[in-house]
Amino acid sequence: MITETGRVVGIDSDALWVETIQRSTCSSCSAQKGCGQGLMNKAFDGRRNQLRVMLQNQCADDFRLDDQVDICIPERALVGGAMLVYLLPLVTMLIAMTTINHFIDGDVAAAGGALFGFVGGLAVLRAHARLNRNNPAYQPKVLAKKPVSGPQLVSVFNSPHSV
C-alpha cells in the first residue's frame, strides 16, 4: 500500500474530499542539478492536490472538516494505471501507424496513422476511466483518522494488510 496524509476539506454522503500536499525528495538526491524531474519538482513543489476518497466501511458522520486522515492506494492499482496511461496510447499509435503504412506508402500516411492511433488510445483511456470511476479496486481508501483538536488519538479503519 502506498500511503499519504491529507486534510479533509469536504464531506459528501459517500466520500471525502481530501487535500494532500505534494512533497519532493529531490533535495536529498545527489543528481539534483542534472535531473529534469528535479526541475519540475522545484516548479510544482508544495502544490495542493484534492482527491475524492470513497467511504467504504466508514460513515461520513465520523469525519469533520480539517481532520487529518491517512489514505492509501494499492500498488497494483497505481502501477497498473501508470502502465495503462503510458503504454496504451503508445501501442495504439504504433499499431495504427504500421497498419496504415502497410496499405498506403508514404511518410504522411504513416504520420496520420500514428496520430489517429494516439488519439484512439486516449479515447480508450477516457472510456476506461469513466467505466472504472467508482470501482473500489482503483479507489484510495481511508486508513486512519487523526483529529486536529483534542488528544491525538488515532482511529484505524483498515489495516494495510487486511485490504
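# Reading helices, loops and burial

Mentor: F118 counts as partly exposed, because its relative accessibility is 36%. Buried means under 20% relative accessible area, exposed means over 50%, and partly exposed is in between (1.4 Å probe, protein chains only). This is a predicted model, in which local features need pLDDT of at least 70 and side-chain atom pairs count only at pLDDT 80 or more, while totals for chains, interfaces and linings use all residues. Residues are numbered from 1 along each chain as its sequence is written, and side-chain values use heavy atoms, with hydrogens and water left out.

Trainee: Where does F118 lie, and which residues does F118 touch?

Mentor: A contact is a pair of residues with heavy atoms within 4.5 Å. F118 lies in helix α3. Leaving aside residues up to four places away in sequence, F118 touches P89, T92 and M93. The C-alpha atoms of F118 and V91 are 8.2 Å apart, although 27 residues separate the two along the chain.

Trainee: How many helices and strands are there in the protein?

Mentor: Helices (H or I, at least four residues) and strands (E, at least two) are DSSP runs, numbered from the N terminus. The protein has 3 helices and 6 strands. Read from the N terminus, the order of elements is β-β-α-β-β-α-α-β-β. Of its 163 residues, 25% count as buried. Among contacts with a separation of 6 or more, 69% are between residues 24 or more positions apart.

Trainee: How do I read the span of a helix, and what does α2 reach from its first C-alpha to its last?

Mentor: The expected span is 1.5 Å times one less than the number of residues in the helix. Helix α2 covers residues 75–103, 29 residues in total, and reaches 42 Å, close to the 42 Å expected. For α3, with 25 residues, the reach is 36 Å, close to the 36 Å expected.

Trainee: Where in α2 does a kink lie?

Mentor: The bend at a residue is the angle between axes fitted to the seven residues ending there and the seven starting there. In α2, a kink of about 35° lies at L87, shortly before the proline P89.

Trainee: Which residues of α2 are buried, and what do they pack against?

Mentor: An α-helix has 3.6 residues a turn, so residues three or four places apart point the same way. In α2, the buried residues are A77, P89 and A96. The buried residues of α2 pack against β4 (68–73) and α3 (107–131). In α3, A109, A110, G113, A114, G117, G121 and L125 are buried, and α2 is included in what covers them.

Trainee: At what angle do α2 and α3 pack?

Mentor: Axes are lines fitted to C-alpha atoms, for helices over the stretch in contact, and angles run from 0 to 180 degrees between N-to-C directions. The angle between α2 and α3 is about 145°, and their axes are 7 Å apart. The residues of this contact divide into 16 nonpolar, 6 polar and no charged. Here Ala, Val, Leu, Ile, Met, Phe, Trp, Tyr, Cys and Pro count as nonpolar, Asp, Glu, Lys and Arg as charged, and the others, Gly among them, as polar.

Trainee: Is C72 buried or exposed?

Mentor: C72 counts as buried, because its relative accessibility is 1%. C72 lies in strand β4. Not counting residues up to four places away in sequence, C72 touches M1, I2, T3, Q139, P140, K141 and L143. C72 and A144 are 72 residues apart in sequence, and their C-alpha atoms are 9.7 Å apart.

Trainee: Where are D66 and N135 found?

Mentor: D66 is in the loop between β3 (48–54) and β4. Its phi is near 75°, a positive value in a residue other than glycine. D66 counts as partly exposed because its relative accessibility is 38%. N135 lies in the loop between α3 and β5 (141–146). With a relative accessible area of 25%, N135 is partly exposed.
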